[in-house]
Amino acid sequence: MPMASCWVVLVWVPPATPSHLATLLSSARASARCRCQSVLTMTSHSPCLCAAVCFLACCVQVRGILNGIDVVEWDPSRDHLLPANFNAQFPDGKAICKKFLQRGLGLDENPDKPVIAVITRLVPQKGIHLIKAALFRCQEKGAQFVLLGSGHCDGEFKAMAEQQFKDHKDIRLLVMYSEALAHQIYAAADIILVPSMFEPCGLTQMIGMRYGAVPVVRKTGGLADTVRDVDSHAAGEGNGYTFDGSDEGSLHSALDRALTHFKDQRSSWAELCATNMNTELSWSRSSADYVALYNSIAMP
C-alpha cells in the first residue's frame, strides 16, 4: 500500500498548474541534498506546497491541474453590477461599460484610448516594479491605466495617486478593494495586465478574458498555461501577449505589441476579444481533469 499513500499526498497538494508545479519540482530536484530544507527556505512559495512538492519530487509522478472560475459570478451577460451587459455575440455593452468607468473615475471619455487594468494584491509576488513600469509606459503611449488593489506597497501607490497622478486624465490608482468596482473595471478594460513574478494559477487573466479583455502576462506558472501569445501562435490560437523576462524592456515589448494591435487592427482585436469571451474557463473543465486523475489512480 505504500504507493496509495503517496497518491493521497498528491491529492492534498495545494492547487498548482502544470507549469508552476514543474518549476517547483525542478527546484526540488536541483537541490544538492534533495531535502525539503532547500525548498522550504524559498520565500516565494507556500511552505506546505513546497514540503509536499519536495517529497513528491523524489517519490512519485505528479500532475498539475488548472483552476477554473465561477462563470455564474463572473458573467458579463448577466452581471448586475455593470451598467450594461454583453457577450461575444452582442458586445456593444462593453463600450458602454468603458464609457461608464471613464466618466465615473474622471478619465478622458475616449473610446479610442485603450484601458489597461491591473486588479491585484500589491505585494512583491505580483511584480510591483513591472506594474509601475506599465503605468509610465501607458502614460508615454497615451493609453489609460487603472489600478485597483492593496497590500504591502500601499504607501508608494497612494503617494503617486495623491501627488504625481492626482486628477490625471488617463491614470487612476485606486489603493483599495471593491468587489463592485472590480467587476466594472474588468468589463471596461481593453487589456488586463498580470506581470507576476510567480503564479500558481491566477484567476485575473481568466476573468479578464471572460469580460473581453486581452491579457498581457509574464510567462510564468498558470499564466504560461492559460495565455498563448498572438504573435507566436497560428491564427486563432493565440489569446493574449506574453513576455519572459522580469525587466522593464520585456514588459514594454509585450505591452507595446498589444497597444499596436488595438490601435491598428481594431477588427482583428474585436475578434480576439470575442474568442476570449467564448473560451471554456469554468470549473467543469478542471473538474473533469480531477475525475480523470482520480480514475487513473483508482486501486483495482
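Predicted model: local features only at pLDDT ≥ 70, side-chain atom pairs only at ≥ 80, totals over all residues.
Biologist: What makes strand S5 (residues 214-218) mostly covered?

Modeller: Buried means under 20% relative accessible area, exposed over 50%, partly exposed in between (1.4 Å probe, protein chains only). In S5, 5 of its 5 residues are buried. Numbering starts from 1 along each chain as its sequence is written, and side-chain values use heavy atoms, leaving out hydrogens and water.

Biologist: How do you know that both faces of S5 are covered?

Modeller: Take the sides in turn. Val-214, Val-216 and Arg-218 are buried on one side. Pro-215 and Val-217 are buried on the other.

Biologist: Why are S4 and S5 said to pair?

Modeller: Strands are DSSP runs of E, at least two residues long, and helices are runs of H or I, at least four, both numbered from the N terminus. Two strands pair if DSSP finds at least two bridges between them. S4 and S5 have 4 bridges, so they qualify, in the parallel sense. Ile-191 stands opposite Val-214 in S5.

Biologist: How many helices and strands does the protein chain have?

Modeller: The protein chain has 13 helices and 6 strands. Of its 300 residues, 51% count as buried.

Biologist: What makes the space of about 450 Å³ a pocket?

Modeller: On a 1 Å grid over the protein atoms alone, a pocket is an open set of points with protein on both sides within 12 Å along at least five of seven lines. The largest pocket has that volume. Its lining has 22 residues, and Pro-91, Lys-94, Ala-95, Asp-190 and Arg-266 are the closest to its centre. Lining residues have an atom within 4 Å of a point, so these five meet that limit. Helix H5 (92-104) and helix H12 (266-277) each supply at least two lining residues.

Biologist: Which residues lie nearest the centre of the second largest pocket?

Modeller: They are Ile-119, Thr-120, Arg-121, Lys-126 and Thr-204. The space in the second largest pocket is about 360 Å³.

Biologist: What supplies the largest share of the lining of the second largest pocket?

Modeller: S1 does, with 4 residues. Strand S4 (191-194), the partner of S5, supplies at least two residues of that lining.

Technical notes
1 Å grid on protein atoms, 1.4 Å probe; cavity = no way out; pocket = protein on both sides within 12 Å on 5 of 7 lines; lining within 4 Å. Points joined across faces, edges and corners; volume = space filled by probe spheres on them.
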